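Hello,

Here is the structure you asked for. Please have a look at it first; some notes on what was found follow below.

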Amino acid sequence: MSRAVDFNGGLASAVNHIFHFPDTIEKVMFPSRPHETRDNKGNSIIPVDILETPKEYVFYMDVPGLSKSDIQVTIEDENTLVVRSGGKRKRDEGEEEGCKYLRLERRAPQKLLRKFRLPDNANVSAVTAKCENGVLTLVVEKLPPPPKPKTVEVAIS
């Protein structure tokens, strides 16, 4: 019995899946697993979009129902951006007696966690954060490129 192998991506996809090879350099610099919603410790993973501009990296994260006081942003191990929340999304409790929810589909996880290893050119001293309309926006400035080394010609006598 013979098996057909799809060399247009099937074999490569299988090898990449087995060995976890990244498809692009962005996945190495900003590793993520968007298809996973929980990590191995039960924390929910925050969905994120990352934009690179000439001067900065901008992270957009969905944090519906959380306020800025519920979210903690830190830099750990010199270049790891960590976003976590232990807060729960608050629901309006029925003020009148006899009120109850009939359906609760928008459950917010109790703990949110996301870590990003920042590239070498990230200025970890210049990180800003803003939480507005259920979106956390983090801006990490880039360091200026290092000066190019000068070549000095030495005369031979």
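**Strands and rings**

Strands S2 and S3 run antiparallel and are joined by 5 bridges. Please keep in mind that the model is predicted.

The two strands belong to an open sheet of 4 strands, in the order S2-S3-S8-S7, with antiparallel pairing. At the edges stand S2 (48-52) and S7 (122-132); each has a single partner strand, so one side of each is left without a neighbour in the sheet. From one strand to the next, the twist averages 15°.

Back to S3, where Phe 59 stands opposite Ile 50. Is Phe 59 buried or exposed? Its relative accessibility is 0%, and buried means under 20%, so Phe 59 counts as buried.

The structure holds 1 aromatic pair. The partners are Phe 59 and Phe 116, and the pair is tilted, with 5.0 Å from centre to centre and 55° between the planes. Phe 59 lies in strand S3 (residues 56-62) and Phe 116 in strand S6 (residues 112-117), so the pair ties together parts that are 57 residues apart in sequence. Phe 116 also has 0% relative accessibility and therefore counts as buried.

Which residue lies over the face of Tyr 57? That is Lys 142, at 4.9 Å from the ring centre.

Regards

Technical notes: Residues are numbered from 1 along each chain as its sequence is written. This is a predicted model: local features need pLDDT of at least 70, side-chain atom pairs count only at pLDDT 80 or more; totals for chains, interfaces and linings use all residues. Side-chain values use heavy atoms; hydrogens and water are left out. Rings of Phe, Tyr and Trp (its six-membered ring) pair if their centres lie within 6.5 Å; planes under 30 degrees apart count as stacked, over 60 as edge-to-face and the rest as tilted. Buried means under 20% relative accessible area, exposed over 50%, partly exposed in between (1.4 Å probe, protein chains only). A charge sits over a ring if NZ of Lys or CZ of Arg is within 6 Å of the ring centre and within 35 degrees of the ring normal. Two strands pair if DSSP finds at least two bridges between them. Axes are lines fitted to C-alpha atoms, for helices over the stretch in contact, and angles run from 0 to 180 degrees between N-to-C directions.
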